[in-house]
Amino acid sequence: MAIRAAAGVLKQSCPDSTYLCIRYGGDEFLLLGTYREDGDADRLKREIKDRVAVYNARHELPVLLGMSVGVVIADPAEEAQSIDYYINKSDTMMYQIKREKKQCL
């Protein structure tokens, strides 16, 4: 149930239909989209966080839905890397955020 809820929140958070939401592993997802202007990534992260809060307020689950988000922006002016490179970079950021959340508890 939590995986479906997370997928729904992510799909609703995408700014437009050009974004692609992919389940990538047990409880990990990828959102692929076009970065159009400064602040897009931060806006998307805030949108996800806000939608998770709304979901938790509206649904009674045994545990609260939560997400840690790692963001990577590929610059077309830089040398292209493999998709694995970007996924690994994003994973590193996500796990750093998870560690920081645990330290705050």
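Okay, let's start with confidence: the protein chain has a mean pLDDT of 85, and 98% of its residues reach 70 or more. Keep in mind that this is a predicted model. Going element by element, α2 has the highest mean pLDDT, at 91, while helix α3, residues 83–104, has the lowest, at 83.

Now the inside. The largest nonpolar core is made of 12 residues, including Val9, Leu10, Leu44, Ile48 and Val52. Two helices, α1 (2–13) and α2 (40–58), each put at least two residues into this core. Ala6 is also a member, along with Leu65 and Met67. And what does Ala6 touch, leaving out residues up to four places away in sequence? Phe29, Leu65 and Met67.

Phe29 comes up again in the largest pocket, where it is among the residues nearest the centre, together with Leu31, Val69, Gly70 and Ser90. That pocket has a volume of about 1200 Å³, and 40 residues line it. The elements giving two or more residues to the lining are α1, β2 (29–32), α2 and α3. Which of them gives the largest share? That's α3, with eight residues.

Searching the whole structure turns up one aromatic pair. It's Tyr85 with Tyr86: the ring centres are 5.1 Å apart and the planes sit at 85°, so we call it edge-to-face. Buried or exposed? Tyr86 has a relative accessible area of 19%, so it is buried, whereas Tyr85, at 37%, counts as partly exposed.

Notes
Residues are numbered from 1 along each chain as its sequence is written. This is a predicted model: local features need pLDDT of at least 70, side-chain atom pairs count only at pLDDT 80 or more; totals for chains, interfaces and linings use all residues. Side-chain values use heavy atoms; hydrogens and water are left out. A nonpolar core is a set of buried Ala, Val, Leu, Ile, Met, Phe, Trp, Tyr and Cys residues joined through side-chain atoms within 4.5 Å. Buried means under 20% relative accessible area, exposed over 50%, partly exposed in between (1.4 Å probe, protein chains only). Helices (H or I, at least four residues) and strands (E, at least two) are DSSP runs, numbered from the N terminus. Contact means heavy atoms within 4.5 Å. Rings of Phe, Tyr and Trp (its six-membered ring) pair if their centres lie within 6.5 Å; planes under 30 degrees apart count as stacked, over 60 as edge-to-face and the rest as tilted. pLDDT is the predictor's confidence in each residue, from 0 to 100. On a 1 Å grid over the protein atoms alone, a cavity is a set of points where a 1.4 Å probe fits but cannot get out, and a pocket is an open set with protein on both sides within 12 Å along at least five of seven lines; lining residues have an atom within 4 Å of a point. Grid points are joined across faces, edges and corners, and a volume is the space filled by probe spheres set on the points.
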